[in-house]
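Trainee: I would like to learn how to read a model feature by feature. Can we go through one together?

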Amino acid sequence: MSVRPAVIAIMYLRGSANVARLTVSARLPAVVYRRNFSSDTDLTKRGLVVGAYIDQSGDNVKLTSVADQINQETDGAIVKALKIGKGFLKKGKTRLFYNASPKYGTIALVGIGKEELDNKDYGDGVDPKKENIRRAAANGCRSLSECGIQDILVSAMGDSESAAEGSMLATWKFQEYKKKQDPIPKISLLEEKDRDAWLCGIIKSNAQNWSRKLTESASNHMTPTIFSREVQEVLGKKGVNVLIRDKSWAEKQKMGGLLNVAKGSIESLAFLEINYSGGNKNDKPVVLVGKGVTFDSGGISIKPSAAMGEMRADMMGAANVVAAISAIADLKLPINIIGLTPLCENMPSSSALKPGDVIVAMNGKSIQVDNTDAEGRLILADALCYAATFNPQVTLDLATLTGAMAVAIGEAASGVFSTSDTLWADLEKAGHYTGDRMWRFPLWNYYSSLLKGYSGFDLCNIGKGKGGGACTAAAFLKQFAPHGNWIHLDIAGVMKSSGESDSYISSGMSGKPTRALVQFISNLSKRS
């Protein structure tokens, strides 16, 4: 085997000003089972992400088997660098080796974390091994991308699904309205043997990124009509039937909640009815319901101006539903799914719903609207009533429903309310697997009692008393949910990511918990 002349490899810690240099000699690798880069790809545009196990101190490092092979192919460049000093590599951090390999170009070595985890590592609501790999892949890909690398190979690092998720979620950018857009790198799996799980991770991540795209879009570019058309176009190509219902249809269904919230805006309402038939014809469907307020000003009970622009994402429940169905269709899961998304704007105007107005929902219950900014529960009430017409085995709704949920648990988890202990456990398990924390809240009759007891109408949309706003909102929805298995997710807290440096979701709308929803349905389909 021929040997190349010595080349200079430059290594740096992402986010650090410290740069170290050393000279290495790189041998031509001879690994035939790996995907080759395109022949026209410039060496300076190629990159490879490999991992190393490392403890918290950074003193004890062990290369993965693939990283060890790459180290041998580069005449020990990686190990030589690790011997420079203690703490050279840390968990979640990246070291880059420029031009260390004629085949792979720049090599990103990422710290995965400990190889063997103990009990204290498992108390954070997520699978720590999978999270470590997601973050490692994310940081490696970001570091390469920031250096202009456009073609990236990623090692599975023991879990190709998680590696795919971290890579795809971390390198996605919303730049729909930029005149000059940044290039998005092409990312591929290094090892052939892990390809099926990798593709599963790609499908789930692409779904979440679509949800992020929908919710990041400016509200004037993502009206109920535009949202509906995009969903019909995307899902239609996957063989999923999408019906776009209009105002006249909602009037026939006597959907007083949706009609009254929508009447304050000049934008037409829409109601999507999505049918994915992957199971047997006679199998009861799982009905997914998503709140779709494409802009929420609060209506007459108007919100403060600060951060009101973020209320373009008040349809994240609907975005997650359609995105999850997209992934379910790609995965061809053997289950029947109905997706329902009531879509409208909540705006103040001379025709808008007013505090004190009494409306009637689809099931005939009258509701006094004390606060027009508690509009999500009004449109979901009608959607849940309509869900019952499908005789579902499970009904699950998602909504950025209450600020109270964000106050209660911040952006750490989705709040969950359920009539079924079994389904709650299933959802918690799915979230643990995908890195989407779930935390259960009570559905006590106490909260339902706060909504009732009025002489002139059946329910109040915010109820009596103070505090417990997320629980009261869930209790309100329970009045309209189909009998049997029902789950409500309040995702207001996880709507937006802060984009911390070790996170694989950048700052902005998160698209959570789309992947957990797909995993939940996947697990359910295996039992059906």
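**Reading the model**

Mentor: Start with Asn391, which sits in the loop between α10 and β16 (394-399). Helices (H or I, at least four residues) and strands (E, at least two) are DSSP runs, numbered from the N terminus. Note that this is a predicted model: local features need pLDDT of at least 70, side-chain atom pairs count only at pLDDT 80 or more, and totals for chains, interfaces and linings use all residues. Residues are numbered from 1 along each chain as its sequence is written, and side-chain values use heavy atoms, with hydrogens and water left out.

Trainee: What is the phi of Asn391?

Mentor: Phi of Asn391 is near 50°, a positive value in a residue other than glycine. Lys332 also has a positive phi, near 55°. Lys332 is in the loop between α9 (316-331) and β13 (336-346).

Trainee: Is Lys332 buried or exposed?

Mentor: First the scale: buried means under 20% relative accessible area, exposed over 50%, and partly exposed in between (1.4 Å probe, protein chains only). Lys332 counts as exposed because its relative accessible area is 65%. Asn391 has 46%, so the class there is partly exposed.

Trainee: Where is Ser217, and what does Ser217 touch?

Mentor: Contact means heavy atoms within 4.5 Å. Ser217 lies in the loop between α5 (195-216) and α6 (224-236). Not counting residues up to four places away in sequence, Ser217 touches Phe174, Tyr177, Met222 and Arg312. Ser217 is classed as buried because its relative accessibility is 3%.

Trainee: Which residues does Gly92 touch?

Mentor: With residues up to four places away in sequence left out, Gly92 touches Gly111 and Asn139. Gly92 belongs to the loop between α2 (77-82) and β5 (94-101). Gly92 and Ala136 are 44 residues apart in sequence, but 5.3 Å apart in space, C-alpha to C-alpha.

Trainee: How many disulfides does a search of the whole structure find?

Mentor: A disulfide is a pair of cysteine sulfur atoms within 2.5 Å. The search of the whole structure finds 0. Cys141 is in no disulfide, and the nearest cysteine sulfur, that of Cys147, is 12 Å away. Cys141 is buried, because its relative accessible area is 0%. For Cys460, the closest cysteine sulfur is in Cys471, 17 Å away, so it is too far for a bond. Cys460 also counts as buried, at 0% relative accessibility.

Trainee: How do I read cavities and pockets?

Mentor: On a 1 Å grid over the protein atoms alone, a cavity is a set of points where a 1.4 Å probe fits but cannot get out; a pocket is an open set with protein on both sides within 12 Å along at least five of seven lines; lining residues have an atom within 4 Å of a point. Grid points are joined across faces, edges and corners, and a volume is the space filled by probe spheres set on the points. Here the whole structure has 1 cavity of 30 Å³ or more. The largest cavity holds about 50 Å³. Its lining includes Asn260, Asn346 and Thr372.

Trainee: What is the volume of the largest pocket, and which residues lie nearest its centre?

Mentor: The largest pocket has a volume of about 600 Å³. Its lining has 28 residues, of which Lys303, Leu401, Thr402, Gly403 and Ala492 lie nearest the centre. α10 (376-387), α11 (403-409) and α14 (469-478) each supply at least two lining residues.
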